[in-house]
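User: Can you walk me through some side-chain details in this one? I'll jump around a bit.
Analyst: Fine, go ahead.

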Amino acid sequence: MDATWPDRLGTGDRVRLDGRVYTVGELLGRRLTLVDSSGATRQMDLVALLRGCHGEVLQDGDAPAGIEELPSGDALVRARWWQRHVVEVLTGLTPDAPPGTQPRPAFDPAHRSLAEREEAKARELTESGVRGTSARTVRRKRQRYQAFGLAGLVDGRAGRREAPGVRLDPRVVDAVREIIRSQPPPGRLSAERLRARLLDRLAGPLADGEVSMPSRSALHRLRTELDGRPPQSATTTLTEVGERVHLYVVPVLALGDQPHGGPRLRVLFALDEASGVLLTAVVGDAHERTVYGPALLARMCVPADQRANWITPPSAAPGPAPPHPPMSAQPVIRPRTLVVDHASAPGMGALRAACARSGVRVQFARQTPTHERGRVEHVTATAAGRFAAYLFSPAGKPARAAGWPIEQVQELLDTWVEDCWLHTPIPTGAGFPQTPLERYEDLTAHTGRVPTPIPPEEFLHLLNSCWRVVGPGGVRLGRHLYDAPALHPMRRLVSPHGGRRPLQVRWDPYDLRQVWLRADEDEWLPVPAAPSRIRPTSRPSVPSARAEQINACGSAAPATASSPVGAVTFVQAAGPTAAGGVVERLGMARLPVAQQIHAYEAPELRLAYHAQLPLRVPEVRFAVDRIEDVRLLNQHADGARYGLLLHGPSGTGKTTAMLESWRRCTARDDRQGGEPTAGTAAAGLYVRLPPATSPRLLLVELARSLGVALRGSPTTAALTDRVARAMADAGTVLVLIDEAHHLHSPGWSASAVADVVDYLCDRLPATFVFSGIGDPDCLAARATNAPHRRLVPVHLSDMPLGEDWQQVLSAAEAALRLRAHVAGTLPGLADLLHERTGGNAGQLAFLLRSAAVRAIKDGSEKLTAPLLAGLQPPRV
């Protein structure tokens, strides 16, 4: 645990591996190309080199004078050009020669001496037009390369640095230094004011001719060197990873009980501005303040694939290091400057103190240029939108079923950052034409330097610490219990002062799957969480049984986590065979085995389930199928595209049909079991309009659904363009606008809303679906300013008393989890239920759910005619 290494490793640095000294010749991300004195190359992973028992980084005490750090310009390119020729002289092959290549006759070590190969290389370079390439020059280059590696081939003049003002009169330099020191810290003296003050201060010597006034450029250069601050530029472009890392908090939309409501979670991103790599990401409750701390710095400075085992010492197995160690794609970035938003946030003081100890400069966001901050906001908003789409993919099923507990979402976020974000191109509008991983590799290869992770000892001190006693069940930390077989000898340790002996525990507060227990002075044991004892840090909105609603056809009900509060949830019928064996014949349903088992679950689970008892309505299925059909037609259409208009009375399932289509669109790979793709980010948008929705408010609702950050007061035209570009970048194919009868144009324009919608419809290859209450012609005119302008009307109405009504009741009864309910009761009460609800699906759902909840609370555990007749359904 006492390993130390430099904070960066670059080309020309020397390392010892398996007893041999190598020089870092090239690097690409974490992949290092090591070259020994004979020119033989070897590939090595950066982390494997630092953490392995067979390698170490050597100090540069005997490096060439003047080459303390390799330059990143033409001098380095020239040195690498020489390296290619020198390696061919030494080995007969160039470094990039494929396996099996035979040396050229003039450079074959088996037939030519070293002196002959040097003379042949000198002749080759001279004939190609390179000046000053005698055999003596080639020999000197070869000797310096063998002694110092790539650094020996660098032109010594490239590393020279002159003292500030060495070519100027010392009195001028002293006067400029005093003027700069007298300037108050917040400001910076302009070149003109500096020149004027210098003329006043040196008026006498200048008049006598003792001192000559430097030129404006020389004075500007001297001011920059003495001030120690780089000149300000409006077009600053970072060229080194880790130079500036931003901490930015972004809400994750579409995770609450309402897809259009306020966010439930927020994510803290640590974004490297130069490469677009996310060093770490942390999930938190959107209603609580973001908590910072030193552990956040620890997560940023160690790659994600190494954090779990970073404290554990590496294997001390004897023998040489493997010739081809596994290469990891996880970037290694150690921030030099950390940009933060809130100086008074909880834990910010501890984080700033940890940064000071680690040599990381903390900068506030207000000190960052506006255009650079805007680019960071765009990238983080894109990341939040893509992560939200990932949560609604097959990978997010367990978290959706549990009601989005923070711990499960954090695990999904870690997986998404490692597997998806690194390999997905960032929109070109953000300034990154490549994927973050490609950008990271290009920057490290260009600069010739790659950051190294912090040593294990430093990582350990940044984690949270406490003292705990190892009990019979393990180590308890808050609401979590951690246990492992290695803890058995420590369960009954006795303290010298009496009682059981406490041991030190370290843990990452953002990853509670594991803690580290100090077993000895230098031994830390990783202790995983007991699987059966993990408790979510945030209470799910409904029990997990909610997502296990077993319907008659064996498929799960629509994810109610995406349904509005108080909205009716329907499950589509699949025709006459919707019961799938559960309803053997109409009105003669029997309880399936799965339902009999669920009937004996905990009361609170069954109450939550029956409060959302699903209904299967044929017209809802028909509406969903029509939306799917039109979306498919628009996807392959060359000309005009069509939309849909769902209309009908309240409570007939319009909103439910739209939510089901939205769920299918955002998780369309669910049925195929495929992995989420970048194109599914915000593929479907659902927006519920508030009363008197103006064009601007409509655009704001769409922007919120897309995760677009709105700052300032852009014009309606600019806002429309931003929404259109965001939808195009996200690959939106379906836009669902609920409560369309709330569309309202301002008094000065009768068609403003229609113009905005028409503009979006014509510009984007997406299907627009409207729903509302009222006359269809009126709704079409409000939506598109023309009756039925390419809108397909779909009418949803109350169900008549008949076969469809019987099927809905039979399927609802098959889904009940009541212990004493008699099969066939609901189909037998079809007339009563139709009379009380008028065939309205919303009223029927409210009546059945209320009766089921009442039956569980009073202990009757069955639905009866008196119970159903005594409950009053709502008016719609």
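**Charges, rings and a buried arginine**

Analyst: Arg-51 lies over the face of Trp-310, at 4.8 Å from the ring centre. Keep in mind that this is a predicted model.

User: Which charged end sits over the ring of Tyr-609?
Analyst: That of Arg-817, 3.7 Å from the ring centre.

User: Back to aromatics. How many aromatic pairs does a search of the whole structure find?
Analyst: Six. One of the pairs is Trp-5 with Trp-310: the ring centres are 6.3 Å apart and the planes are at 70°, so this pair is edge-to-face.

User: Where do Trp-5 and Trp-310 lie?
Analyst: Trp-5 is in the segment before strand S1 (8–10), and Trp-310 is in the loop between H9 and S10, so the pair ties together parts 305 residues apart in sequence.

User: Are Trp-5 and Trp-310 buried or exposed?
Analyst: Both are buried. Phe-392 and Trp-404 also form an edge-to-face pair, with 5.5 Å from centre to centre and 65° between the planes.

User: And where are Phe-392 and Trp-404 in the chain?
Analyst: Phe-392 is in the loop between helix H11 (370–391) and helix H12 (397–401), while Trp-404 is in the loop between H12 and helix H13 (406–419). They are twelve residues apart. Phe-392 counts as buried because its relative accessibility is 6%, under the 20% cut-off. Trp-404 is buried too, with a relative accessible area of 1%.

User: Which residues form one aromatic cluster?
Analyst: Phe-387, Trp-416 and Trp-421.

User: New topic: Arg-334. Where is its place?
Analyst: In the loop between helix H9 (294–301) and strand S10 (337–340).

User: What is the nearest side chain of opposite charge to Arg-334?
Analyst: Glu-458, 5.0 Å away. A salt bridge needs a distance within 4 Å, so Arg-334 is buried with no salt bridge. A polar atom of the Arg-334 side chain does lie 2.8 Å from the backbone oxygen of Pro-453.

User: What else is Arg-334 in contact with, leaving aside neighbours within four places in sequence?
Analyst: Its contacts include Trp-5, Asp-7, Arg-8, Gly-242 and Cys-301. Pro-451, Thr-452, Ile-454 and Pro-455 are also among them.

User: Last one, Asn-634. Which helix is it found in?
Analyst: Helix H18, residues 618–635. Asn-634 counts as buried, at 4% relative accessibility.

User: What is Asn-634 in contact with, sequence neighbours within four places aside?
Analyst: Arg-641, Tyr-642 and Thr-767. Asn-634 and Val-733 are 9.1 Å apart in space, C-alpha to C-alpha, and 99 residues apart in sequence.

Note on methods. Residues are numbered from 1 along each chain as its sequence is written. This is a predicted model: local features need pLDDT of at least 70, side-chain atom pairs count only at pLDDT 80 or more; totals for chains, interfaces and linings use all residues. Side-chain values use heavy atoms; hydrogens and water are left out. Helices (H or I, at least four residues) and strands (E, at least two) are DSSP runs, numbered from the N terminus. Buried means under 20% relative accessible area, exposed over 50%, partly exposed in between (1.4 Å probe, protein chains only). Lys and Arg count as positive and Asp and Glu as negative; His and the chain ends are not counted. A polar contact is a pair of N or O atoms within 3.5 Å; within protein, one must be able to donate a hydrogen and the other to accept it, and residues adjacent in sequence count only if both atoms are side-chain atoms. Contact means heavy atoms within 4.5 Å. Rings of Phe, Tyr and Trp (its six-membered ring) pair if their centres lie within 6.5 Å; planes under 30 degrees apart count as stacked, over 60 as edge-to-face and the rest as tilted. A charge sits over a ring if NZ of Lys or CZ of Arg is within 6 Å of the ring centre and within 35 degrees of the ring normal.
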